Amino acid sequence: MSSDHKNRQHGASIPAYMLVAAILVVVTSLEVGLFYLDMIGELMVTIMIVLSIMKFGLVIGYFMHLKFEAPLFTYFFMAGVVLAVAISLAFLTLFTNFDIGDPNVASPPPATPTPYPTPTIAMIPADSVSNVASEDLVAVLIGGEGIFAGKGCAGCHSIDGLEGAVGQVGPNLTKIGTVADTRVPGMNARGYIEESIMNPSNFVVDGFAPVMPNLMSSFNKGEFEELVDYLESLQ
Amino acid sequence: MWTFLGSECLFFGSLIATHMVNRNEAGFIHGLSPACLLDIPITSISTFVLLMSSVAMVLAVSAAYRFDVKQQRLWLLMTALLGIIFLCFQAYEFQTFVNEGLTIGTNLFGSTFFTLTGFHGAHVTLGVVWILIILILSYVKPDATSNPLNTDIAGLYWHFVDIVWIVIFTVVYLIGSYGLDCGHVR
């Protein structure tokens, strides 16, 4: 980018550019080929990253002629690259290797099987939890009830006998396991419940506004199934 | 320019890392996961198109330094056209995803994917506009564009957008959907 830039031999020659282009095409094809070769497993990620860095270097060095520039340009650019890679790696390590918990999940289900059975409504008398603040309630209830309370369902839907589930925005779900079976011809209770959570605006009960948010991104697979199990069990 | 590109690395690095962390969040729900949606063959073609546009850009810059205006215009036009073809592939991909039910608000895979590739697409769009401006100015105000550095710097930007895609294609598409099943709830 200096003023004498245009007067000197600039970067590589055209045959060299073509050679670099050919290498880039071959490496990209190799990557796609490897993707469909299902044999090398974990090693593939490493190979892919190495090939990708190779392409990165070729484009920067030759197409962007950084190889032929003053080292200062390289320092400027590589500072950004190194910082970006470091931040990305730190971020990935933080969120994949350590269980720092999900701030959105009030009560993660226990990883090991609990020595006691999942409490049912009958096992938790209303008066035993009536003095517990609703935030604490989430920690008390586990299983489907815990998810129902913890994910905020209880804010809009009421279930008779479930502490804190007194919302009036959406339909009462006390007997949803029975009701769901009759709602849509050809659809069983489970299918109806799943669909109603996955696509809240598909089946809106008369008299209610289509305001339920899509909460799918807040469940993991186990939680989703547990919640559906619980709702289906409400007869 | 190189300092700006260094800062752009941070920008895309953060978006890619955020995508990698969140891509599997609820992605398995009704098939809206990377493994179900990402179309490797189609994206391989669009990756190839973008790569070829970088080659065209190199030829344009080379012609600019030789003051070969005809060649320079030809390859600038080729670069812009290939860039537009790439954008068409992306528009098609976005359209397909939305038809399948994945939008930016559906799940974290959708949010991070559309944010990342959307910002990349915006960079490509800006590059196409930049290149077309140089191309048009070479007719309208030849004196102002005779300095090869104008084309060269646009080229740096264009190649940078290409290397960002090299990383996105490898990390998000190939590694991102490798070995994952397209699992459905039912």
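For the salt bridges on this tour, the rule is a side-chain nitrogen of Lys or Arg within 4 Å of a carboxyl oxygen of Asp or Glu. By that rule, the whole structure has 5 salt bridges over all chains. Before you click: this is a predicted model, where local features need pLDDT of at least 70, side-chain atom pairs count only at pLDDT 80 or more, and totals for chains, interfaces and linings use all residues. Residues are numbered from 1 along each chain as its sequence is written, chains are lettered from A and ligands numbered from 1 in the order in which they are written, and side-chain values use heavy atoms, with hydrogens and water left out.

**Stop 1: Arg190(A)**

Select Arg190(A), Glu194(A), Asp229(A) and Glu232(A), which are linked in a network of salt bridges. Start with Glu194(A), whose side chain meets that of Arg190(A) at 3.5 Å, N to O. These two sit 4 residues apart in helix α8 of chain A, so about one helical turn separates them. (Helices are DSSP runs of H or I, at least four residues, strands are runs of E, at least two, and both are numbered from the N terminus.)

The closest N and O atoms of Arg190(A) and Asp229(A) are 2.9 Å apart. Glu232(A) also bridges to Arg190(A), at 2.7 Å, N to O, and this pair again links α9 with α8 of chain A, 42 residues apart.

Glu194(A) is buried at 4%, while Arg190(A) at 23%, Glu232(A) at 27% and Asp229(A) at 42% are partly exposed.

**Stop 2: where A meets B**

Show both chains and colour by chain. A contact here is heavy atoms within 4.5 Å, and 56 residues of chain A touch 56 residues of chain B. Together the chains bury about 4,800 Å², 78% of it on carbon and sulfur atoms; that area is the accessible area (1.4 Å probe) two parts lose on being put together, summed over both. How many salt bridges cross this interface? The rule finds 0.

**Stop 3: the largest core**

A nonpolar core is a set of buried Ala, Val, Leu, Ile, Met, Phe, Trp, Tyr and Cys residues joined through side-chain atoms within 4.5 Å. The largest one has 78 residues, and Phe63(A), Phe77(A), Trp2(B), Phe160(B) and Tyr173(B) touch the most other members. Helix α7(B) gives the most to this core, 18 residues.

Zoom in on Phe63(A). Leaving out residues up to four places away in sequence, its neighbours include Tyr17(A), Leu24(A), Val55(B), Val58(B) and His159(B).

**Stop 4: Thr79(B)**

Finish in chain B, which has 7 helices and 0 strands. Of its 186 residues, 58% count as buried. Pick Thr79(B) in helix α4 of chain B; at 0% relative accessibility, Thr79(B) is buried. What lies 2.6 Å from a polar atom of the Thr79(B) side chain? The backbone oxygen of Trp75(B) does. Beyond four places in sequence, Thr79(B) touches Ser53(B), Ala56(B), Met57(B), Ile131(B) and Trp158(B).

How values were computed: Buried < 20%, exposed > 50% of the residue type's maximum accessible area, 1.4 Å probe, protein only. Polar contact = N/O pair within 3.5 Å; in protein donor to acceptor, adjacent residues only side chain to side chain.
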